[in-house]
Amino acid sequence: MASLRTLKFLRQFHQKIMQNQKLPCVLINSFEEPYCVNEDHVADLKKRLNFVTMQEFLENKTHFGPKIQAIYIWGGKPVIDKELLQSLPTLKIIVNSGAGLDHLDLNLIASFGVKLANTPHAVTNSTADMGMALLLASARRILEGNEVATSPDTKSFSINWMGQEVTGSTLGIIGMGKIGYKIAQRAKAFEMKILYHNRNRRKVEEEQAVGAYYCAKLDELLQQSDFVLLITPLTPQTYKMIGKRELGLMKPTATLINIGRGQLVDQDALVEALQTGIIKAAGLDVTYPEPLPRSHPLLKLKNVILTPHIGSATHQSRRLMMENMVESLLAALSGLSIPNEVNLK
């Protein structure tokens with residue numbers, strides 16, 4: 001549900017809009033799958049905003065171009081490029097669903113004097129839950145177990161079906177931001193030993209609250225961890241940060257969990273590591289590309305769990321994302337301070 005502050009703000013803005021009898025004109029990708037606004041949000045959104053789809057815009061740029069004041073990015077669409085920005089002379093803000101910004105050219109957006117906001121707080125709990133879900137499912141071989149339990153060929157269950165104990169194991173978190181810290185809080189409840197590697201070390205009291213130990217060197221974390229979990233932004237520095245060398249440092253009993261971005265991992269090296277026993281398993285909510293080609297070897301490995309980039313895909317999280325986006329959008333158009341504004345400098 002929306003916060004009281006958000007509801008108050010939206011009521012005030014809506015009253016102002018009703019006085020002017022004109023809703024802000026906002027560009028979206030589509031109302032149709034696969035890259036459409038969430039259908040559960042459409043009715044509420046249309047009360048506050050006047051949407052123009054990309055198809056409508058492209059069919060009549062002369063008419064819509066000067067009217068569009070904001071772009072609403074949902075699921076990474078519409079794509080923001082120089083040609084689009086040049087076509088929108090009154091554009092004031094771009095609001096982006098989720099926390100990741102690797103699909104956006106921040107310098108380009110800044111050069112047009114356009115504001116940008118995202119929704120980093122709305123996705124923390126749901127994505128942290130997803131990380132733990134993949135960790136637990138991989139450790140206990142849930143998908144393989146489901147196949148055995150439901151197969152028409154199964155006559156009996158093996159008493160020697162084995163998974164890996166999560167309680168008391170070591171979790172290495174690469175990227176101890178908002179989501180990484182939420183994962184650490186969950187891992188503490190499983191009595192896990194928590195290591196983390198981050199660009200900046202967190203405060204001592206934050207480490208102590210979850211029992212986390214800082215590894216200044218990534219190699220140290222990789223060598224000690226039973227589970228390595230990636231939740232760091234994709235940047236030129238983190239591109240393929242887990243490659244053949246890094247996988248070789250991990251325990252042969254270790255599992256790699258990736259809920260960040262697919263390009264954080266060298267997928268060819270990962271396939272080889274999984275096929276040859278360099279590491280035991282992987283749980284991936286993200287890949288590159290998405291979806292993978294149907295012939296990709298990752299789709300054929302039993303020691304891999306793949307999900308379709310659904311870290312934030314809960315009704316609660318997605319509604320909060322929408323509310324955050326609308327609040328930032330309306331604030332920008334009213335000349336107010338923008339919640340969750342991204343610093344483009």
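The protein chain is assigned two domains: domain 1 covers 4–122 + 314–342, and domain 2 covers 123–306. Those bounds come from an automatic or database domain assignment. Residues are numbered from 1 along each chain as its sequence is written. This is a predicted model, where local features need pLDDT of at least 70, side-chain atom pairs count only at pLDDT 80 or more, and totals for chains, interfaces and linings use all residues; side-chain values use heavy atoms, with hydrogens and water left out.

Taken over C-alpha atoms, the centres of domain 1 and domain 2 are 34 Å apart. Eleven residues of domain 1 are in contact with six residues of domain 2, contact meaning heavy atoms within 4.5 Å.

Now the area. Between them, domain 1 and domain 2 bury about 660 Å², with 54% of it on carbon and sulfur atoms. Buried area here is the accessible area (1.4 Å probe) that two parts lose on being put together, summed over both. In domain 1, the residues that lose the most area to domain 2 are D102, P120 and H121, together 57% of what that side buries.

D102 comes up again. Its side chain meets that of R261 in a salt bridge, at 2.9 Å from N to O. The term means a side-chain nitrogen of Lys or Arg within 4 Å of a carboxyl oxygen of Asp or Glu. Between domain 1 and domain 2 the count is one salt bridge.

Last, the rings. How many aromatic pairs does a search of the whole structure find? It finds four, where rings of Phe, Tyr and Trp (its six-membered ring) pair if their centres lie within 6.5 Å; planes under 30 degrees apart count as stacked, over 60 as edge-to-face and the rest as tilted. Y72 and W74 are stacked, 6.0 Å centre to centre with 15° between the planes. Y196 and Y214 are tilted, at 5.2 Å and 50°.
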